[in-house]
Amino acid sequence: MKNILMIPTISDVSTVEEWRVVAKDIVGRKGELGYRVTIVDWPGLGYSDRPSLNYNADVMESFLVELMNSPNSPVANADDELIIVGGGHAATIAVRAAGKDLIKPSAVAAVAPTWAGPLPIVFGRGSDMETRYGLLRGTLRAPALGWMMYNVLVSNEKSIQSQYKSHVYANPDNVTPAIIESRYELTKRKGARFVPAAFLTGLLDPVQSREEFLQLFAKLDGDVPVLVVSTVNAPKRSKAEMEALRGSKGVTKFVEVAGALLPQEEYPLAVAEELYSFLQESFAARR
């Protein structure tokens, strides 16, 4: 029995729901190897508690390290055979932690991996922009004004629908009212604005450049099998970062599937097929 930890793409509306169909497919397959899947929300996102922490990439990395190494963790009895599957920033944070030897996964699958938050990827990280990001972050975290601005920028159905149709999903027709409603409800949970304030402004970015991004994967070369799943319709800037990993050191296998930034939710069976194939190639030969 192989254990898989699936961690959601970090976003304003991140949730374990995005992995459920993939997990069900993998667990339900009949083969030599059996799989057990655990899906966990990040702190401050999804169905987790949302305390007013100063969230950054190190906080998220520490959570992942504690989750994997704590004796009380749901993945504690993995017998050193724990596969990490993550999307977006989550994948990159996992690769970063593995490269520091803080966690020891037996394989990593990075689905539509990213490293730059929504504002930095568009406007860059110049000192003038960093000042503006800091002001925006402070405003979003403020008690009354923060909620008002959060409701304008994030917590409204039109904004969520616009995001999903423009760059989260590849096919706007796949964005259903039920999806938008469920994500909108997540934005109304107590403390919901704290992580988005950090994510939007780049505080959750695990690296600061493409060079650093590639170096994270290179550190795992020869030690940990790594699958990278790129997507056909990822936004231009995000797609360029994914493509930079094609043939890059430390990337064992690079594939492309339909989708944009959330292929595991929009095209789960395609993602499950690539994931299952990678796991079979990586572990069946060891038996």
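**Close-up views of a predicted model**

**View 1. The largest cavity holds about 40 Å³ of space.** A cavity is a set of points on a 1 Å grid over the protein atoms alone where a 1.4 Å probe fits but cannot get out. Its volume is the space filled by probe spheres on the points, which are joined across faces, edges and corners. The structure is a predicted model, in which local features need pLDDT of at least 70 and side-chain atom pairs pLDDT 80 or more, while totals for chains, interfaces and linings use all residues. Residues are numbered from 1 along each chain as its sequence is written, and side-chain values use heavy atoms, without hydrogens and water. The structure has one cavity of 30 Å³ or more. Lining the largest cavity (an atom within 4 Å of a point) are Pro-113, Thr-114, Trp-115, Ala-116, Ile-121, Ser-238 and Glu-241.

**View 2. The largest pocket contains about 730 Å³ of space.** A pocket is an open set of points with protein on both sides within 12 Å along at least five of seven lines. The lining of this largest pocket has 35 residues, and those closest to its centre are Pro-118, Gln-163, His-167, Phe-199 and Leu-261. Five helices, α3 (88-99), α4 (118-123), α7 (157-168), α9 (194-200) and α11 (236-243), each give at least two residues to the lining of the largest pocket. The largest share of that lining is from α4, with five residues. Helices (H or I, at least four residues) and strands (E, at least two) are DSSP runs numbered from the N terminus.

**View 3. Ile-7 is part of strand β1, which spans residues 2-7.** With a relative accessible area of 0%, Ile-7 is buried (under 20%; exposed is over 50%, partly exposed in between, with a 1.4 Å probe and protein chains only). Beyond its neighbours within four places in sequence, Ile-7 is in contact (heavy atoms within 4.5 Å) with Trp-19, Val-40, Trp-42, Leu-64, Ile-84, Val-85, Gly-86, Gly-87, Ala-90 and Ala-94. From Ile-7 to Asp-58 the separation is 51 residues in sequence and 16 Å in space, C-alpha to C-alpha.

**View 4. The largest nonpolar core has 43 residues, and Leu-5, Trp-42 and Phe-217 touch the most other members.** Such a core joins buried Ala, Val, Leu, Ile, Met, Phe, Trp, Tyr and Cys residues through side-chain atoms within 4.5 Å. At least two residues of this core come from each of β1, α2 (57-69), β3 (82-87), α3, β4 (107-111), α9, α10 (210-218) and β5 (226-231). The most come from α3, which gives seven. Another core, of 24 residues, lies apart from it, and includes Val-22, Val-85, Ala-272 and Leu-275.

**View 5. Phe-217 and the residues that it touches.** Leaving out residues up to four places away in sequence, Phe-217 touches Val-95, Ala-110, Val-226, Val-228, Leu-245, Lys-249, Gly-250 and Val-251. Phe-217 is also one of the residues that touch the most other members of the largest nonpolar core.

**View 6. Asp-101 has a positive phi, near 65 degrees, and is not a glycine.** Most residues other than glycine have a negative phi. The loop between α3 and β4 holds Asp-101. Asp-101 counts as exposed because its relative accessibility is 53%.

**View 7. Ala-112, also not a glycine, has a positive phi of about 45 degrees.** Ala-112 is in the loop between β4 and α4. Its relative accessibility is 1%, so Ala-112 counts as buried.
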